[in-house]
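Try each one yourself, then read the worked solution.

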Amino acid sequence: MSSKLAALNHWVSEVSQLTQPDQIHWCDGSIVERDALVELMLERGELLALNPETHPDCYLHRSHPGDVARVEHLTFVCTADQADAGPNNNWMAPDQARASMDGLFTGCMRGRTLYVIPYCMGPIHSPYARCGVEITDSPYVVANMRIMTRMGADALARIEREGRFVRGLHSIGELDPERRFIMHFPEELSILSYGSGYGGNALLGKKCHALRIASWQARNEGWLAEHMLIVGIQNPQGETHYVAAAFPSACGKTNLAMLIPPVTHAGWKVWTIGDDICWLHPGPDGRLWAINPESGFFGVAPGTGRNTNPNALDMLDRDAIFTNVAVTAENGPWWEGKSDETPHKDWQGRDFDPGRGPAAHPNSRFTVSMRQCPSFSAEADNPAGVPISALIFGGRRESLVPLVFEALDWNHGVLVGASMASETTAAATGAVGVVRRDSMAMKPFCGYNFADYFSHWLSFGDRLEHLPKIFHVNWFRKGPDGKFLWPGFGDNLRVLQWILERCAGRAGAVETPIGLLPRREDLDLRGLESLNGSLDALLAIDPAGWRNEWADVGNYLDSFGARVPDALRAEHARVSALVGHVAPA
C-alpha cells in the first residue's frame, strides 16, 4: 500500500532506507487492524489482558521503569535562529539536531515493522483541523493514536487532498535514557522522537504536534493552540456557555472537564468537549471558537475515583488501555484513589509492597475514547467548534492567590495568564512540588519564544469584536492547618456559575488591585454553610504578598529580554503600581 501523494510516499521511502524495517504497514484505522495489533502485543507480552468480565477489551501496558513521563530536559525546539525558540525552550541548531537523530535512527527498525499513521487533529471535516503522519515502530503507539486522533483512511484522504501534513518520526530505540531525544523543527513542521515509548514523547499527535508545532502554526496563521480543557455549562434555563481553561498537567483539568454538579444545583448540566488541548480560532461573528484536536483522553489515573470524577471512572470499564497502573487479585486495574481494594500487583508487576511506594505509578495513565464519557457532547465533533464565553487560568497555589478573580480587560488577562505559577507534578520528570512560572500552562509546550507568544495573545485584543472575559482560579489554597479551604470537585461549578453570570452581566463583583473578586453574596453557596470564615480567607488579598508576587513577575518577564511586548510591560507596571498603593489590612 502507498499514498496518492508523492511527497508522502517519498518521505516514507526515505525513512525506510534510514531505519531499515523488516516491513512497512500503512495504518487504515480499522477495527480489524486494531484487533490484529492487540493480538500481536498480547503475544509479545507488551499488553496484558485485564478481566474480560469486569473490564472487557481493556489492556494493561507496563512501560520501562525509566520511561514513565515527559522528559523536558531532552526536548528541543530546533529553529534556525535560537532567539525564535526563546529561553523557554531547549534549543539545538537544526543541522546538528538532524545529524544526531539520523545517527540514532540508522538501522533502528531492523527486525521491526514500520507503521505509517495518517491522522487528523480535530473533526475530520473542520477547516480548523490539521493533519499529520507519524511513522513509528511501536504497535502500542498505533493503538493509542487510534484512540487519541482521527486516524486512518479518512485522514489520509484529507492529507492527499490538501497536500500538507506535519511529519513525525518515532522509534522506541533501545529505551536507553542516554539515547533519548524529542526534537521539534517548527519551521519545517516536523518532529523526531527517539528512545521513549511514553505517551507525551511517543504519541506525536499529542503534545508534540497539537501544542509545540501547532503553536507555531497558530502564530503564523492567526489562531491559538493552547493547553486547555473545553467544557460546556448549561443552566436550568437551558442556556449553554462554553469555557476554555488552562491548568498544568495533573492539576485537575480532567476532573473539571467532567464535573458533576453538586446536589444543590438541580437542572445544571456540564458537557465535556475536551480535557487537555484546545485550538482557538477567530470566528466570522467576531468571537473565539474552539475545537478539541483530540478524540480521546490520555488521563492521569491516580486520584480518579468515585468521589472525585465518577464520569471518568464510568468510562474506564471497557475499551481502554491502561499504562503503569496496578492490578487487583481479580485482574482489574487499580490506582490510588480508585477504591478501597488492596492491589495485588504493582505497576512493575511485582507483588504489592507498601514499602516500595505507590502501587500505581504517580503518572500512570488511561487512554479511552472521549465518546465513552457520560458527559460527552456531540459538539466535540462539530466542524465549526464551539463559541467561547470565558478563558480561565488556574494554578496550584497554597497561599496568596484567591479562589477566583476576573481580569480587568484583555491586556490584564494576558498578563494574568503570562504570570501564572503552579507547583510541578509527576507528569514531568524532576522534583515535585516546586513552584514555577508556567505561562498559560504552556511552559513545556510552546514551540517558540514566550515573548513572541505574549505578543500573539495581545494581538487578539484588536482583532476580535467580542472578546471572551479572562479569569483566574485557584482550587488549592490551604489554611494554617494545611487543609484545603475550598471543597473543589463538583463544587467548582459554583465558581463557574459566577464566571458565566459575570459574562452575562448579571453578577456583582468588587474591584481590587489584582482584579474583580466576588463578594460572599455573589456566590451560590447553598449547602456550603460550613465554609464560614474559610470564604473570607479564600477571597482575601495580601498587599505585601502581591507586591512581592508582581516584583517576581517583573523579573520573570525580564528573563525573555527585549522581545517582551511593551504593552505587557506597561500592564505589569500599572498593576504593580495599584498593588503598591494598597495599605496592609
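**Exercise 1.** In this predicted model, find how many residues lie between E10 and E11 in their hairpin, and which residue in the turn has a positive phi.

*Solution.* Begin with the turn: four residues separate E10 from E11 in the hairpin. Within that turn, Leu189 has a positive phi of about 55°. Next, look at the pairing: strand E10 (residues 181–185) runs antiparallel to E11, and five bridges join them.

**Exercise 2.** Work out in which sense E9 and E11 pair, and decide whether the residues of E11 are buried or exposed.

*Solution.* Take the pairing to begin with: strand E9 (residues 166–171) pairs with E11 in the parallel sense, over five bridges. Arg167, for instance, has Ser190 in E11 as its bridge partner. Now turn to the side chains of E11: Ser190, Leu192 and Tyr194 point one way, while Ile191 and Ser193 point the other way. Buried here means under 20% relative accessible area. Five of the five residues of E11 (residues 190–194) are buried, so this strand is largely enclosed by the rest of the structure.

**Exercise 3.** Find which residues have the most contacts inside the largest nonpolar core, and list what Trp457 touches beyond its neighbours in sequence.

*Solution.* The largest nonpolar core has 144 residues, and those with the most contacts inside it are Phe322, Leu391, Trp457 and Ile499. Now pick Trp457 and set aside its neighbours within four places in sequence: its contacts are Leu224, Glu226, Met228, Leu391, Phe393, Trp410, Val414 and Met440. There is also a second, separate core of 32 residues, which includes Met101, Phe105, Leu169 and Met183.

**Exercise 4.** Describe how H2 and H5 cross, and say which residues meet there.

*Solution.* Start with the axes: those of helix H2 (residues 31–44) and helix H5 (residues 139–148) come within 10 Å and cross at roughly 140°. The crossing is left-handed. From H2, the residues taking part are Ile31, Arg34, Leu37, Met41 and Arg44, and they meet Pro139, Tyr140, Val142, Ala143 and Arg146 of H5. Sorted by type, the residues of this contact are seven nonpolar, no polar and three charged.

Note on methods: Residues are numbered from 1 along each chain as its sequence is written. This is a predicted model: local features need pLDDT of at least 70, side-chain atom pairs count only at pLDDT 80 or more; totals for chains, interfaces and linings use all residues. Side-chain values use heavy atoms; hydrogens and water are left out. Buried means under 20% relative accessible area, exposed over 50%, partly exposed in between (1.4 Å probe, protein chains only). Helices (H or I, at least four residues) and strands (E, at least two) are DSSP runs, numbered from the N terminus. Two strands pair if DSSP finds at least two bridges between them. A nonpolar core is a set of buried Ala, Val, Leu, Ile, Met, Phe, Trp, Tyr and Cys residues joined through side-chain atoms within 4.5 Å. Contact means heavy atoms within 4.5 Å. Axes are lines fitted to C-alpha atoms, for helices over the stretch in contact, and angles run from 0 to 180 degrees between N-to-C directions. A crossing is left-handed if the near helix is turned anticlockwise from the far one by less than a right angle, and right-handed if clockwise. Ala, Val, Leu, Ile, Met, Phe, Trp, Tyr, Cys and Pro count as nonpolar, Asp, Glu, Lys and Arg as charged, and the others, Gly among them, as polar.
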